[in-house]
Amino acid sequence: MDALGTLLGGLPPVLPNLRDQIEQFLLAPEELPIHEAVYSRRWFPRRPDPTRLYNISLSPANTCLEVERDPATGEITGLCEIPNKDAGATAKNSLSMRRMPGPPEETVRGSSTNFPFWPGGFAEPVLDQESIHVEFNLDRSNYLTKHPKLSRGITFDIPEEVPEVKEEKVEEKPELVVTITDMLNVDESVLKIFDEKEEKVALKNINLSLEGLNEEDTNLVQNFSIEPPKKEEFVLNISDSGKSPYIFAKNTEWAENIDVNEPVDDFNSQVPNPACKYPFELDIFQKQAILHLEKHDCVFVAAHTSAGKTVVAEYAVALTLKHMTRAIYTSPIKALSNQKYREFKIKFEDVGLLTGDIQINPKASCLIMTTEILQSMLYNGSDLIRDLEWVIFDEVHYINNAERGHVWEEVLIMLPPTANIVLLSATVPNTIEFADWIGRIKKRKIYVISTSKRPVPLEHYLYTGTGGKSKDERFLLVDATGNFITKGYNDAVAAKNEKKNSQLTQGSKGGRQHLGEKAEKNMWIGLIDHLSKRDLLPIVAFTLSKKRCDNNANQLMSQDLTTNREKAEIHSFIKKCTDRLQGTDKVLPQVVYMRNLLSKGIGVHHSGILPILKEVVEMLFAKGLVKLLFATETFAMGVNMPARCVVFDSIRKHDGTAFRDLVPSEYIQMAGRAGRRGLDTTGTVVILCKVEVPEMSDLHRMMLGKATKLESQFKLTYSMILNTLRFESITVEDMMKRSFSEALQMANQSKYESQLKTAMENLEKEPEFSCLMCSDVKEYYASAKEFVLQRKHVFSFILGFPGVMKTMTPGRILVICHEQYQHYLACLLKVDAKDQNKLTVLILKDQNESKRYTKEELDLLEIVAASQQKFDILPNTSDHICLDIRPQSLAAITNKVIKVNGAKIIENVKKRLIPRFKDDPPSQSVQEALVELQRLNESGSDSLLYLNFMNDLGVREIGAVSQVHTLELLRARILEKSCLQCSQFREHFNTAYIKLSLEEEIGYLKFKMSVEALQLHPEYQMRIKVLQKLKYVDSNNTVTLKGRVACGMGNHELMVTELVLENVFADTSIEVMAALLSSLVFQQKHCEKPNLTTELEKGIKKFKDVARRIGEVQKECGIQETVGDYVDQYNFGLTEVVYQWACGMPFNKIMELTDVQEGITVKCIQRLDETLKDVRSAAHVIGEPNLKEKMEECSTAIKRDIVFTPSLYTQ
């Protein structure tokens, strides 16, 4: 301390005293730094430099030059200046292929702010020249001449004339300046050189030598002349410059079925330099497909599993390498994309892979991706699409998937005209229908190449063995030629019944639907031994339940199906694959379990298995080291991994709603894995009959029935609507119109157009109708039509009420309006016991009535009769007839009942319809009924009262009463028409009816051709209301900033956008954000309830509040989904697991927190990363750097260890 005190002036100051500084600034504010000269506004003297105005950026050229050539010689004859309509076009304002390329980072994925390329098959917009002239016809009276704050401005008045000062002209030497106009306006004499050349060519053509030709060829040459086309034909018209370069046939069938039974003998001569060669002889259908690929045709190949469809896809890829273009191969699932990448990488070096979380070699000529990735690229205007020559759709029958099938339809609609299409599918019955739809929307012919032939035929067996002595009980049900063998089925039933009898004798308890664990194990051991002795390994056992897959494999741990050498190879391969795992991931329970299981030659393959382990199983199976594989249905979809034998543990599956039998397409897809081409003569399919033998009809339908048709799953999603509304040239209605569900409607458009034209021409020919009293005949026509429809509707459902049915007894007098019998009295004879809507009545009629009425005449009678309140009194009742009518033909129920024997009357009338009995007199029962009807007819309607539905028949249900009330109002409206007072009403209406019916037909045809006729149009209007109410689009359907944010979302676009814009994640930690967003991707319905922290519970409450608000808006706008269903779709069952994973907990520890299997957990976290990318892009669009940074941190926190281990197929 003493030493410190001795310092001169004390301690040196470390920081200035803040109090002193504040005091100084308060007392002398002029000393504040802001008043320093360096911060003051400085003035710089302006020096005029007019030359700066010369340095302007050049606008793109509006025209370009195109050469004209002689059609005969190809020589250049001149130049033509054509307009360049794509001048200044970019990805932000144009759909043209000629627009400027975007930045390099948008080449592959594109951007949500880009316009897509113009889809093929859409009619390109034509500029309206009149509107352009009107737009540029400026009104001088509306010019703004001055700023509101200024006293004066620019004056556009014509200035006073000032006398010109004449200056002496100085002759200057003209400079040699040649413009394009000068070049095009050259004097004709300058172009004589071209005429001379043409004359020389003509002379050469005239002096052709005819020596050595026969008479027929000589005549052909002499009569052959080439007439050069007019110059105008080679000048590109502005209005036509945007048309597609393809020549499309009109009014033709868009799909052509190729005969695969016709051999292609000259294949090598037609394809002398194939893009790809194969070491084996191609099948006929493969050759047919390759021939059309060489012609750049679109093909649809439908064939069984393992038939060799991949050859067609490989050849399309080889053509892109040859032509130096690009091909895209799409698959329905990500796992299949990885497998195809490995397969194509071996054959072709230049291959890339695009998935949600990985991007390998995006500049490759062949890119493998899921269909959703291609959908995103098309909407986002990826520049990669420019080079696209082939798009290959694998597993097209996946379009039937209710959740994702619409993606295929959207992609097919949005593909540009330059892309050729290759469709690969399993056999489906409506290939022509599907191909015709694609051809119609793309305006290109699709060639369908379909074969039902299998390279390796299948034999189907029933297995009734339970181990032990019965282990060899296998009965042939369908042979290799497809014949169903009834004897095999009967033998299987007999064998099963014999076992049941023996079990009953031993006192076994009946009624069980499944085998016990011990019996199940014995059955599998016996089956494996049976198949192994017959050299039918390897086996794929399709078990349509993840839990049963695991149980079956667990029970067979005592079995060993591999040799020591195979064990060593399996151990080495698994070690090599698991060495890439980190730390505790190598000793995860599932990893250890699968290692032990695989060493015995047994594998398990389902969605609950870790992705890397599934790939290990697939690769070992492909090598033949897995002898028995328990798999779910997903294994049947993908690369060619055939087995010698396929076993079905059960033929019933749960489809998410209920248990049902496999449909033929599902069974064929899985059974097709049996039989290895080149190794097996037949494939063996075995169905296990554990408790009961399935019904013969069910087996026959499943094995030999028709495959499921391709059906439209097109649906309106908010993402599609918003993406389409971003650009005005294509509307959502255009997309709906081209969906597969509207294929029939689109095919009928030309028919509707011709019918409309004919109807309008006929309408013009009709004379004008004039009658003062019948001036409202058009209103009468409309009201009468509406009344007739309402009457039919009321009587169709009113008979279901007990009081009404009680009155409908034989003998009841009715008034009917049936075909030409309008307002006729009828006697009810019978109400069908099986079908209460079938009534048999007896009516009187004129014996001389034999006219056959057309539909138009019957409609006329029905509309005229609508104004009648009483039944028709017939002057001639010499004949009668029995009619079978429906309730819609009733007009009234009266209070009169006569005594009749309905059965005898019907029998007698039918008897006299037979020619040899037609002259017999009516029976006594018929005569009595006729006498009563004739008496009522003569006495008129005064003797009858019409029963009232409410007062007399006891109808009290509010809906029915409302419908009856509507009917009465319509009747009153008809009777108010003045045209009914006209003495010649019937004659006048007959004249006006033709014109009125034509007007109605024209209205109907215009409706069928309009967007209102689309099936999804009402739903579209509802969804637009939702978007307007939530401010995603404005009143003009222009996409707002909020809508542009939603455009970048992969799924749950409304939910994610609302969460971001309501700042739900502002004060939330990254771990909680990850946990909450996992609810968007986790789909398993049943799992343990998670233990939630207080912060998580608050976050879930906010999350559900946002979802509930969206659901309520949807309900208000008419969408059928309930608010509860909308909220419940967000599943928080994995929230705790994801939270702890983001906190850094090891994978083996988080799996102790839930009963969800490892594979599903990994898939959920992987998909969560894609959602985080969506939120990050949304934050970028709205300018939220903090949220963007938090999303990047969140993504980094979850991307680690076994969850994001790279696929083995990409290594």
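These legends describe close-up views of a predicted model.

**View 1. Helix 25 packs against helix 32.** Helix 25 spans residues 749–765, and helix 32 spans residues 985–1009. Their axes lie 9 Å apart, at an angle of about 155 degrees. Angles over 145 degrees count as roughly antiparallel, so helix 25 is roughly antiparallel to helix 32. The crossing of the two helices is left-handed.

**View 2. Residues in the contact of helix 25 with helix 32.** Helix 25 contributes Q749, Y752, E753, Q755, L756, A759, M760, N762 and L763. From helix 32 come K995, L998, E999, E1001, I1002, L1005, K1006, K1008 and M1009. By class, the contact has 9 nonpolar, 3 polar and 6 charged residues.

**View 3. Strand 12 is largely enclosed by the rest of the structure.** This strand covers residues 458–463.

**View 4. Strand 12 pairs with strand 20 and with strand 13.** Strand 20 (residues 683–688) runs parallel to strand 12, with 6 bridges in the pairing. Strand 13 (residues 474–478) pairs with strand 12 in the antiparallel sense, over 4 bridges. There, H460 has V478 of strand 13 as its bridge partner.

Definitions and conventions:
Residues numbered from 1 in each chain as written. Predicted model: local features only at pLDDT ≥ 70, side-chain atom pairs only at ≥ 80, totals over all residues. Heavy atoms only, no water. Axes fitted to C-alpha atoms, helices over the stretch in contact; angles between N-to-C directions. Parallel < 35°, antiparallel > 145°, perpendicular 65-115°, else oblique. Left-handed = near helix turned anticlockwise from the far one by under 90°. Contact = heavy atoms within 4.5 Å. Nonpolar A, V, L, I, M, F, W, Y, C, P; charged D, E, K, R; others polar. Buried < 20%, exposed > 50% of the residue type's maximum accessible area, 1.4 Å probe, protein only. Pairing = 2+ DSSP bridges.
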